[in-house]
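The entry is shown first.

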Amino acid sequence: MPLTNRQVLLRRRPRGLVEPADAELVSSVAPEPADGEALVRVTYAGVDAAVRTWLDDQRGYLPPVGIGEVVRSAGIGEVVASRCDAYAVGDVVTTLTGFQEYVVVRDDVFCTPVTGMDVVDHRAVMSLYGPTGATAYFGMHDVGRPQEGQTVVVSAAAGATGSVAGQIAKIAGARVVGIAGGPDKCRAVVEDFGFDACIDYRADDVRAALRHHCPQGVDVYFDNVGGEILDAVLGRLATNARVVLCGVISSYLTGEHPGPANYVNLLSKTASMQGFNALNEWDRFDTAFEALRRWSADGLLVHRETVYDGIESSIDALNGLFTGANIGKMLVKIADPEEPR
């Protein structure tokens, strides 16, 4: 009997949050893999800010999702049929699954078998041992370069990337201050992720709080939000500071990117501000994952997930990312993983 594949298709370009008419959940027959292909049963789809940017008609490092196409997202799943030498039935892989129950994969740069784990923890892979963990690692380790005794500030600190990036700075011996929205998130940043302090941008005067928590200035700023928060931290930079541009979630819904007035501090403080893309370090992902696994095994690194259940909740999860519904990695559970063999 053919497998049924439920998919979330883009029906029109959203403006702001995704509305019900912007996407549609449809059912079709799952595809049969051709020569050189394998069929993957998706267990978890990851929800990242990039998912929303791909729905706009603007070209980035990947083309926008076309009208009528599956909403693109990274994910993890299990091979259930294979006509490809690279994958056997039962293998666990990460790929651009999209919001759907089954996806066809090939032996290419987009699909990676999960290795080095006796029992694959699908949620941990999505939180740490995939693009999210690699982004935190390369952004903080390569660009931020925190040193012992320095002060590091991380925005969106309760999120998937920020929570890991801040913990990497702690491992390096830095004092780490997070910025997050709401008391629950700030509590998680300090109590769960081990930051030294957290500023609630919804309740606190961010500039005053930065003066209080960073009296000697900010040596490293890992920026996930842009906008007014970026401007506030630029006004508190220490000499030779490094600003890591990872994301601009404050403007993904509006498309507006107001320039920071305090950029002149980069000159006066002989500081640097650098963007990066972890995919440019693809050949070093194993190095990042080895370090992340070691730190996790040593109890130095923890991860959390916020999980929405069922493919029908995919759009709610995506909108929830922008309304502050998540702590840690936002995931949609599509199906239960198979029991370990």
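The points below treat the basis of the values, then the helix pair, then the cavity.

1. The model is predicted: local features need pLDDT of at least 70, side-chain atom pairs count only at pLDDT 80 or more, and totals for chains, interfaces and linings use all residues. Residues are numbered from 1 along each chain as its sequence is written, and side-chain values use heavy atoms, with hydrogens and water left out.

2. Helix α6 spans residues 206-213 and helix α7 residues 227-234; helices are DSSP runs of H or I with at least four residues, numbered from the N terminus. Their axes, lines fitted to C-alpha atoms over the stretch in contact, lie 10 Å apart at an angle of about 40°.

3. On the α6 side, V206, R207 and L210 make contact (heavy atoms within 4.5 Å) with E228, I229, D231, A232 and V233 of α7. These contact residues comprise 5 nonpolar, no polar and 3 charged.

4. The whole structure holds 1 cavity of 30 Å³ or more, a cavity being a set of points on a 1 Å grid where a 1.4 Å probe fits but cannot get out. The largest cavity has about 30 Å³ of space.

5. Lining residues (an atom within 4 Å of a point) of the largest cavity are S127, A160, S163, V164, H303, R304, G328 and K329. Helix α4 (residues 160-171) contributes the most, with 3 residues. The lining divides into 2 nonpolar, 4 polar and 2 charged residues, with Gly counted as polar.

Methods:
Axes fitted to C-alpha atoms, helices over the stretch in contact; angles between N-to-C directions. Helix = DSSP H or I, 4+ residues; strand = E, 2+ residues; numbered from the N terminus. 1 Å grid on protein atoms, 1.4 Å probe; cavity = no way out; pocket = protein on both sides within 12 Å on 5 of 7 lines; lining within 4 Å. Points joined across faces, edges and corners; volume = space filled by probe spheres on them.
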